[in-house]
Amino acid sequence: MIAFDAKTNLFHLRGASYSYVMFVNEWGYLQCLHYGGRVGGDNLTYLKQIDFKSFSPTPPDILIEGVSLDLIPSEYASFGQSDFRAPSAVIEQADGARMSRFRYCSHEIEEGAPDWGALPHARAEKGGAQTLSVRLKDAVSGMEIVLHYTVFEHSDVLVRNAEFYNGTNGKLYLNKAFSFCFDLPADDYSLLRLAGRHQLERMPECTPLAHGTIRLSSERGASSHQMNPFMGLLKKDCTEHGGECYGAALCYSGSFALTAEVSQSDTVRVQGGICEEGFRWSLSAGERFVTPQAFLAYSDRGLGGMSRAYADFYRERVISPAFAYKRRPIVVNNWEATYFDFDVEKLNAIVDEGAKIGIDTFVLDDGWFGIRNDPTSGLGDWSVNEEKLKGGLNAVISHCKEKGMQFGLWFEPEMISKNSELFRSHPDWAVGKVSAGYCESRHQLVLDFSRPEIVEAIYKQVSDILSAYDISYVKWDMNRHITEQFSAALPADRQGEFTHRFIMGVYTLADRLTRAFPNVLFEGCSGGGGRFDAGMLYYFPQIWTSDNTDGYDRVKIQYGTSIAYPLSAMSCHVSVCPNHQTKRTVSLKTRGDVASLGATGYELDLSKLRAEEKEEMRLQIKAYRRVSRLILEGDLYRLSDPFHSNYFCVQIVAKDRSEAYVVGEEILTNSDDNLRRIRLQGLDGAADYTVEELGITLKGDTLMRAGCILPHLSDFGTWVWHIRKV
Ligand code: GLA
């Protein structure tokens, strides 16, 4: 998978369908020659030409006119030494000098993949991985930088990050430390991002690249609802089903930046990592700093091919192997059913009805702890409120057991209410500066997780609860972003380390809890999908996709999310109508069909429903169990885009192509639906398939080339097709 040719100093990294080729040029710089479709073993150094006479200077170690770092495709760009595009790292020396030149020193090729401890990373357990580590040295400051590249067998995802080592005798500062950089040759590209807001996360937006920089970022201390840490670069011919595109996703849940910069020569520099705004990391002699991993994807099968490459990669290499392919429990959650207003009777009534319709797990959401009957108090006091829950948690847990159900519990470990025992005893544990006052969001403050003693205290509280009760599922929430990025415990020259130290505290807690309770399924959440990223998926096999459970908005949210993440990562619930977020009413069938495209569940007061509704849900759950393996393991094909057409439609195909499941939604009804067709994808062309709902048996080729006629439905009506090889 990784080859090095000592004669040409050329590295060739080969994945399932990509080649990544770079070499050490005659001046000692690591230069990219090709990242794209697989090529053979040719010597690609013929692509190195750089004799353009530009207005770009020459660095002191070259001094040949026309040869400038500004024109060389870089694998990791330096600052202030003739490359005027954005640098990948900015290193500051004791005297304030910030220029640097990163030159090749040595490299190693090893089997396996690096293990970065609590910092989420691609897993090597399954074998089939090789890692190239190229050691560079800054000719100016002396800082060493190791660029790691891991190639996985049968995968189109390449993993990269950078590791810094201060081998000098003095202190050095990192003012920027991105994870990766590559420069693509001039071409016509569009940039795809997944932007949004609370209750409308990951809306795909595609715009052409032009000279200058597009920067996707979050400065919120969390990856955010507003911008997902993913960037797509699509060549002009790229469509959903064909053409070339690239993806860059950060395995990181904190403040990040991803940039695409079109240079004077129309080349495109793509890079990203920890958000450089406000970042400053101090490295004393002998210290290391490891940047988060970036997952780079290449596809010559359109955007759909890239999504499938990411989905396979997350399931095989990121999500915990104990859960990646394990059937997820079908839950009922009490949040939208009761909000804070519940007692044991109300909860047990939901459990009773849940058991009757086939639900596996009851999840008790916010409000069971401390003194918390509204959002103003209690966060940080993770002990059961026995005044509210007479008989304690066991009154509900034992009832679940009697009914054959499991029990799940909500936590918000990173938060503290001013009105809490924890705040009264440790007012200095909140992020920020007491004298400056605090911004409040949902009446809460953030705990300073950059401090190990605070992480330890929360570990103790949460693990005490998980040890004391029979809990199989935890929903880990995070309901506000960080404003004052200041820690009372850090010295002045380390305040720029705060946000990264904070997220490392979160990872450390997640690491300890998931190790201590290996059978508990942790679901991530942040006001819905405010922290839906690869870093979270490493610890939490599924994430609450959005607080918006409306059957129309959800198809857009889930469609957008599916561009960069597997369906199995998305937690999707049926809630009541009119919908609490949008006030829209759609049928129970629509809500169930849309929620079947992920880890499904219910979030309403089952005890208040009519018998027919409960019967419909019982049948939905039965139908879901039939497709749940496909949802966990299958290949996703997006057949119709709800942003540019009147129809949402996706198809999931079994890896062996023996069956498929299609879910579609008609947004607004059309009198001429029956004149419209949907063409299927991914089937075995020569095999016969039955489409159960249409009562037809046809060749895969026919279904893929001639298609099926759409049903005529009312507004927001959905259809499903179960397709099986005969
Ligand atoms: C967030 C979550 C909801 C719910 C509430 C509880 O908004 O996204 O699902 O858990 O918090 O406060």
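Which residue in S30 does Val 332 stand opposite? In this predicted model, the position facing Val 332 is held by Tyr 602 of S30. The two residues belong to the pairing of strand S21 (residues 331–333) with strand S30 (residues 599–602), which is parallel and extends over two bridges. Strands of a sheet pair in general through backbone hydrogen bonds, in either a parallel or an antiparallel sense.

The pairing of S21 with S30 forms part of a closed barrel of eight strands, which runs S21-S22-S23-S26-S27-S28-S29-S30 with parallel pairing. From one strand to the next, the twist averages 30 degrees. Helix H4 (residues 393–402) packs on this sheet and touches strand S22 (361–364) and strand S23 (406–411). The direction of H4 makes about 145 degrees with that of S23. Helix H11 (residues 611–633) also packs on the sheet, where it touches S29 and S30; the angle between the direction of H11 and that of S30 is about 165 degrees.

A cis peptide bond is found between Cys 577 and Pro 578, with omega at about -5 degrees. Pro 578 is located in the loop that lies between strand S29 (570–574) and helix H10 (588–595).

For Asp 366, an N or O atom of the side chain is 2.7 Å from a ligand oxygen atom. For Lys 475, the distance between a polar side-chain atom and an oxygen atom of the ligand is likewise 2.7 Å. For Trp 544, the corresponding separation between a side-chain N or O atom and a ligand oxygen atom is 3.4 Å. The ligand taken alone exposes 300 Å², and 97% of that area is buried by the protein.

A second sheet is open and comprises six strands in the order S31-S32-S33-S38-S35-S36, with antiparallel pairing. Strand S31 (635–640) and strand S36 (696–699) stand at its edges; each has a single partner strand, and therefore one side of each is left without a neighbour in the sheet. Neighbouring strands of this sheet are turned against each other by 20 degrees on average, direction ignored. Within the sheet, strand S33 (residues 659–666) and strand S38 (residues 717–725) run antiparallel and are joined by eight bridges. Glu 666 has Gly 717 as its bridge partner in S38. Helix H9 (residues 553–562) lies across S31, strand S32 (647–653) and S33, and runs at about 130 degrees to S31.

Antiparallel pairing also occurs between strand S11 (residues 189–197) and strand S12 (residues 200–208), which are joined by seven bridges. Within this pair, Arg 193 stands opposite Glu 205 in S12. The hairpin of S11 and S12 has two residues between the strands, and Gln 199 is placed in the loop there. The phi angle of Gln 199 is near 75 degrees, a positive value in a residue other than glycine.

Notes:
Residues numbered from 1 in each chain as written. Predicted model: local features only at pLDDT ≥ 70, side-chain atom pairs only at ≥ 80, totals over all residues. Heavy atoms only, no water. Polar contact = N/O pair within 3.5 Å; in protein donor to acceptor, adjacent residues only side chain to side chain. Areas by Shrake-Rupley, 256 points an atom, 1.4 Å probe, with all protein chains shown as cover. Pairing = 2+ DSSP bridges. Helix = DSSP H or I, 4+ residues; strand = E, 2+ residues; numbered from the N terminus. Axes fitted to C-alpha atoms, helices over the stretch in contact; angles between N-to-C directions. Contact = heavy atoms within 4.5 Å.
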